[in-house]
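Biologist: I would like to know what the labels on this model rest on. Can we take them one at a time?

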Amino acid sequence: MSTGAAAPAGRAARVLLGLAAVAVAFAAADTYVVVMALPDMMTAGGLGLDELQRAAPIVSGFLLGYVAVLPLVGRIADLRGRRPVLVGSLVLFAVGSVVTAAADGLVPMVAGRFLQGVGGGGLVPATLALVADLWPPRRRGVPLGIVGAVQELGSVLGPLYGAAVLAFADWRAIFWLNCAAGLALAGAIAATGRTRGARADLPRPPSPGLPDIAGAALAVLAVASLAVTLARPAPLRDDVELGRLFLPVVGEVYATSPAALLTYALVAAFVVRELTAPRPLVALRTWPTTSRTVDLGGALLLGAALGCVIVTFASADPETSVVSSAAPWLLGGAAVATAAFVWRQRSAAAPLVPRATFSARPAWGALVVSLFIGAALIAALVDVPFFARLTEHRGSQLGAALVLVQFLVALPIGAVLGGYATRRVRPAWIAGAGMALACGCFVVMATWERDALAHPTSSVALALAGLGFGLAVAPVNAALLDATSDAAHGIASALLVVARMVGMLVGISVLTSWGLRAYYGAVGRIPPLSELCPGSATTCDAYNDAMIDAGIVQLSTVFTGAAVCAGIAALASVLLLTPRPGATARASGD
């Protein structure tokens, strides 16, 4: 259990948390920026705009990196400390951005997005665990609310950021900017001083002062060299002399070009510098010890199980099935990997997840709540814009996005309010009230007719739904951190994020499938075209209205399912996030 021994956080701690929160917001925005850039990325990857299904790996690759590697990163944050993981995650995010920006085909593009997902995902558990290190339990609500708010704000800023960049440059500029921002944030976090209030057992800088400037310079040069090697800019490539930098030395293997060899040399120089510098950026000397204590076998098994689940649902075509056509093989592999992981947990001397981590009811209860929150949340993110394009804003992407903004803007506000409320009210009741509010709003949305968005009541329903989801953010995180030990906050926070992401993946697949069944049923009840449109060989207003009504039936079904998920999350919050009688006393005695 959390000891609550952290002292009040000082100025350096607030600066560090602020930088980490900005990094989380930036990575969250990158999750949604692909929405705007995807058509151009498909063209660059050799895909036509009618091959959306083949472009799915661009999105699922990011999700795979974000979720499957998250438990390993969370455990490393427990063993190595939060700051090294934050810096390393940002550097990896920057490298992934370079690979994506320079990609000339689908495979390198997906590889780059995977690396971005690993780097971006690692920021969240490290930041949540950092809050637990720097603030005592009764003071964590507000900083947890702020972290949750900036994470949700990314869903608002991502599409806007993408649209702004695309107005002046092509899609690659988005990822070049990502690289620059990631490296800048990594350097700023590495340069923060010792933080008052942090746990005493976490690694400390060996001496005061600036971090290794030479190592930072080598890292920037290595990333820049990688960018040039992969992008092969036309002014350099077409130059008679400079173009030789990109010609392979061995056969036709471009990995042996002088530019590539220079990149290898810079990476090697950075590694040597990190191994010898008195104040290294990422302290590579200690990583061999970490690799022996982090249970890589368990991490691989859990990552394989999560990866199979992600691909099962992320690659499904909801019009035909809830899961992928390869689901029997994928889910079978997930079951085998899960069984092997459970055996590993019981037999390993130092398992990936410390054995007592989820023994308390609020700890595992937070995972259950997060799962259903994710399933309900995805319905709003996907189907509210769908409803807007179908009715009030037909065919208008911008108009549909503005409707969703009414929901998204209220979400971070609710996250901060929920954080403040945890100072006086039990997290279970705040989370339960928030999700009950969201449930009620979904019930209202399930009754919407085609003119619903023309009435102010729809804005009220959307704003209150966003507020309800936001209210649950900090309390669920606080309940988890309070119920787990200080030495397991990283892995516990990682699994909480995993539960929410899995809930979103499963939720969008199941709810969309149910909605489509209702849609096809409604279409089947439409009278023949000859009856609706006498004398018309193609269509008429009556037929178009009937098809719109069928679409509304589909969305009403989805909103009803989301209301059920939100209601389960509300009930689970009240029942599972409240410690059993006597649990607090036992925790204080641990």
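Modeller: Start with the crossing of α6 and α7, which is right-handed. This is a predicted model, in which local features need pLDDT of at least 70 and side-chain atom pairs count only at pLDDT 80 or more, while totals for chains, interfaces and linings use all residues. Residues are numbered from 1 along each chain as its sequence is written, and side-chain values use heavy atoms, with hydrogens and water left out.

Biologist: What makes the crossing of α6 and α7 right-handed?

Modeller: A crossing is right-handed if the near helix is turned clockwise from the far one by less than a right angle, and left-handed if anticlockwise. The α6 and α7 crossing falls under the right-handed case. Helix α6 covers residues 141-166 and α7 residues 172-191, with an angle of about 115 degrees and axes 9 Å apart. Axes are lines fitted to C-alpha atoms, for helices over the stretch in contact, and angles run from 0 to 180 degrees between N-to-C directions. Helices here are DSSP runs of H or I, at least four residues long, numbered from the N terminus.

Biologist: Which residues of α6 and α7 meet?

Modeller: Y161, G162, V165 and L166 in α6 meet A173, I174, L177 and N178 in α7. Contact means heavy atoms within 4.5 Å.

Biologist: Why is the pair D133 and R82 called a salt bridge?

Modeller: The term requires a side-chain nitrogen of Lys or Arg within 4 Å of a carboxyl oxygen of Asp or Glu. The N to O distance for D133 and R82 is 2.6 Å, so the pair qualifies. D133 sits in helix α5 (residues 106-134) and R82 in helix α4 (residues 82-101), 51 residues apart. R82 also pairs with D78, at 2.9 Å. R75, D78, R82 and D133 are linked in a network of salt bridges.

Biologist: How do you know whether R82 is buried or exposed?

Modeller: Buried means under 20% relative accessible area, exposed over 50%, and partly exposed in between (1.4 Å probe, protein chains only). R82 has 3%, so R82 is buried. D78, at 6%, is buried as well.

Biologist: What does the salt bridge of D482 with R140 tie together?

Modeller: The closest N and O atoms of D482 and R140 are 3.0 Å apart. D482 lies in helix α17 (residues 456-483) and R140 in the loop between α5 and α6, so the pair ties together parts that are 342 residues apart in sequence. D482, with 30% relative accessible area, is partly exposed, whereas R140, at 1%, counts as buried.

Conventions. Helices (H or I, at least four residues) and strands (E, at least two) are DSSP runs, numbered from the N terminus.
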